[in-house]
Amino acid sequence: MPSHQEFMARAIVLAKRGLFTTDPNPRVGCVLVKNNEILAEGWHEIAGQPHAERHALAKAGATAKGADCYVTLEPCSHVGRTPPCADALIEAGIRRVVIAMKDPNPKVAGKGIARLEKAGIDVICGVLSEQAAQLNPGFIQRMEQGRPFVRSKIAMSLDGRTAMASGESKWITSLDSRRDVQKLRARSSAVLTGIGTILKDDPLLTVRAEPDWYQSEYVRQPLRVVVDSQLRFPEQAKMRLDGNPLLIITAKTISEQPTTETVHIANANGQVDLRALMHFLAKREMNEVMVEAGAILNGALLQARLVDELIFYVAAKLMGDNARGAFSVPGMLQMAQNIDLDITDMRAIGSDWRITAKPIYNEAF
């Protein structure tokens, strides 16, 4: 007989189908079960459209009465762009609701569960909660801490170099790795870079969706955010001209109306205040921020303890001690100041290796 865990595992698989299309909403999957068999399935497909529960209920129709509902996130109880899912489950005559985790959104936060229980529906919460939380690290962190989840991507050689001394960096890693990076961009609310990268590479940092992605036609472009303390962004840079979302963050006084959205966020040292920037992006409903930058911005984010995850694409090549490193972290002179990394995943991507790690910030750093 299938267990709660098995049905919830299927709901988690379904939720992943919305990885690139639900932002700023969470990714959610739902399975309706009757007589220990799956009756209908659904997932939150596109932001602004029906949630996972409503998709599953629509497929089940009248047969949903008396069924069990397995859902990866607490059903919503408030009116947003769509009606409350808790009400839909009650109206459909659902017998029991099994939930992976409570919704960290203060507008819900247990209220959906309370509404279901008040209607006489049996509720079980906490089934595969850790796995469900991994679907939405940015949404959860934005709700609980008021800042997005920051993921820094580093393409480097086996000896930790990201560019030659001249700045040449195309291409350190393989085409397979570069395609894999597209998925990281696609799941991100924003892509963050520095003015140095703009001046050196003139990148677009857009998502190039693959046809085999789920609902690839609905993948939206993330907001490109450029840290440009002194407003050196060229007027003819590709980012300014391609029409996709762009935001410039500066520490310089904005004396005239800029042609591109520009926001002043400065600290006392005349630099962009990175922590304030993250809170600003959270208010803009940015869940996950992907960093594609050089050593200076990557190092500054580490020093501010703002990097939640590092993803290294490591090519099997050596670039020598004159090549550029991944992080500029002045003042790190003793072993006690090192940043330990908790490696959470390691796998081959074509001829490269992709290493996912969580920084462990110690008191000496």
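**Annotated site and interdomain pocket**

Reply: In this predicted model, the "binding site" annotation from an unreviewed UniProt entry covers His-51, Cys-76 and Cys-85. These residues are spread over 35 residues of sequence, yet they cluster in space, with a largest C-alpha distance of 9.2 Å.

Me: Why is Cys-76 called buried?

Reply: The label buried requires a relative accessible area under 20%. Cys-76 has 7% relative accessibility and therefore counts as buried. Cys-76 is found in the loop between β3 (68–71) and α3 (85–92).

Me: What makes Cys-85 buried?

Reply: The cut-off is again under 20%. The relative accessible area of Cys-85 is 0%, so this residue is buried. Cys-85 lies in helix α3.

Me: Which residues does Cys-76 touch, not counting those up to four places away in sequence?

Reply: A contact requires heavy atoms within 4.5 Å. With residues up to four places away in sequence not counted, Cys-76 touches His-51, Pro-83, Pro-84, Cys-85, Ala-86 and Val-108. Under the same exclusion of residues up to four places away, Cys-85 touches His-51, Glu-53, Arg-54, Pro-75 and Cys-76.

Me: How do you know that the second largest pocket lies between domain 1 and domain 2?

Reply: The domain assignment gives domain 1 (4–135) and domain 2 (138–360). Both domains give residues to the lining of the second largest pocket, so this pocket lies between them. The C-alpha centres of the two domains lie 33 Å apart. Their contact takes 20 residues from domain 1 and 18 residues from domain 2.

Me: What is the volume of the second largest pocket, and which residues are the closest to its centre?

Reply: The second largest pocket has a volume of about 1300 Å³. Of its 36 lining residues, Gln-134, Pro-137, Arg-151, Arg-187 and Glu-309 are the closest to the centre. The elements that give two or more residues to this lining include α5 (129–133), α6 (137–145), α7 (175–187) and β16 (352–360). The largest share, five residues, comes from β16.

Technical notes: Residues numbered from 1 in each chain as written. Predicted model: local features only at pLDDT ≥ 70, side-chain atom pairs only at ≥ 80, totals over all residues. Heavy atoms only, no water. UniProt positions renumbered as here; feature names shortened; annotations may be inferred. Helix = DSSP H or I, 4+ residues; strand = E, 2+ residues; numbered from the N terminus. Buried < 20%, exposed > 50% of the residue type's maximum accessible area, 1.4 Å probe, protein only. 1 Å grid on protein atoms, 1.4 Å probe; cavity = no way out; pocket = protein on both sides within 12 Å on 5 of 7 lines; lining within 4 Å. Points joined across faces, edges and corners; volume = space filled by probe spheres on them. Domains from an automatic or database assignment.
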